[in-house]
Amino acid sequence: AGQPWCERLFDEAGAALAQDFQPITDMRASASYRARVAANLMRRFYLSHTGVSTPVTLDSLERPESAGR
């Protein structure tokens, strides 16, 4: 708290999120999917508040190994 928002603090927040956030798996989404979405939302928040413009394309997205099975 009280520190300027920077990449290092974002990385620390991401590590804390991964450790503290325990999503559930249900018929709508797996726990791993929910954890990835939470991390992506936090990154999106960071980027939108630092003025960094990063285009997102389907080619840049990773496909989970279990997708399509």
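In which helix is the place of H49? H49 belongs to helix 2, and this tour of a predicted model returns to that residue at its last stop.

**Whole chain**

Of the 69 residues in the protein chain, buried residues make up 10%.

**Helix 2**

Select residues 31–50, which form helix 2. This helix has 20 residues. From its first C-alpha to its last it reaches 29 Å, close to the 28 Å expected at 1.5 Å a residue.

Which residues of helix 2 are buried? Colour A38, M42, Y46 and L47, as these are buried in helix 2. Helix 1 is included in what covers the buried residues of helix 2. To inspect that cover, display helix 1, residues 7–20, alongside.

**The aromatic pair**

A pair of aromatic rings is described by the distance of the centres and the angle of the planes. The count for this model comes to one aromatic pair. Select F10 and Y46 and show their rings: the pair is stacked, with 5.1 Å from centre to centre and 25° between the planes. The angle falls under the 30 degrees that count as stacked. F10 lies in helix 1 and Y46 in helix 2, so the pair ties together parts that are 36 residues apart in sequence. Both F10 and Y46 are buried.

Side chains of opposite charge can pair when their charged atoms come close. The model has three salt bridges. For one of them, select R8 and E12. The closest N and O atoms of E12 and R8 are 2.7 Å apart. How far apart in helix 1 are E12 and R8? They are four residues apart, so about one helical turn separates E12 from R8. Each of the two is partly exposed: E12 has 43% relative accessibility, and R8 has a relative accessible area of 45%.

Select D26, in the loop between helix 1 and helix 2. Its relative accessibility is 26%, so D26 counts as partly exposed.

- R28 forms a salt bridge with D26, with the closest N and O atoms 3.2 Å apart.
- The side chain of D26 also reaches the backbone nitrogen of R28, at 2.9 Å.
- R34 and D26 meet through their side chains in a salt bridge of 2.6 Å, N to O.

R34, at 25% relative accessibility, counts as partly exposed.

**Q22**

Stay in the loop between helix 1 and helix 2 and select Q22, which has its place there. With a relative accessible area of 60%, Q22 is exposed. What does the side chain of Q22 reach? Display Q19 as well: the side chain of Q22 reaches the backbone oxygen of Q19 at 3.3 Å. Then set a distance label between the C-alpha atoms of Q22 and S32. These atoms are separated by 9.4 Å, and the two residues are ten residues apart along the chain.

**H49**

Finally, return to H49 in helix 2. At 54% relative accessibility, H49 counts as exposed, the cut-off being over 50%. Select W5 together with H49. The two residues are 44 residues apart along the chain, and their C-alpha atoms are separated by 9.0 Å.

Methods: Residues numbered from 1 in each chain as written. Predicted model: local features only at pLDDT ≥ 70, side-chain atom pairs only at ≥ 80, totals over all residues. Heavy atoms only, no water. Buried < 20%, exposed > 50% of the residue type's maximum accessible area, 1.4 Å probe, protein only. Phe/Tyr/Trp six-rings, centres within 6.5 Å; stacked < 30°, edge-to-face > 60°. Helix = DSSP H or I, 4+ residues; strand = E, 2+ residues; numbered from the N terminus. Salt bridge = Lys/Arg side-chain N within 4 Å of Asp/Glu carboxyl O. Expected span 1.5 Å × (residues − 1). Contact = heavy atoms within 4.5 Å. Polar contact = N/O pair within 3.5 Å; in protein donor to acceptor, adjacent residues only side chain to side chain.
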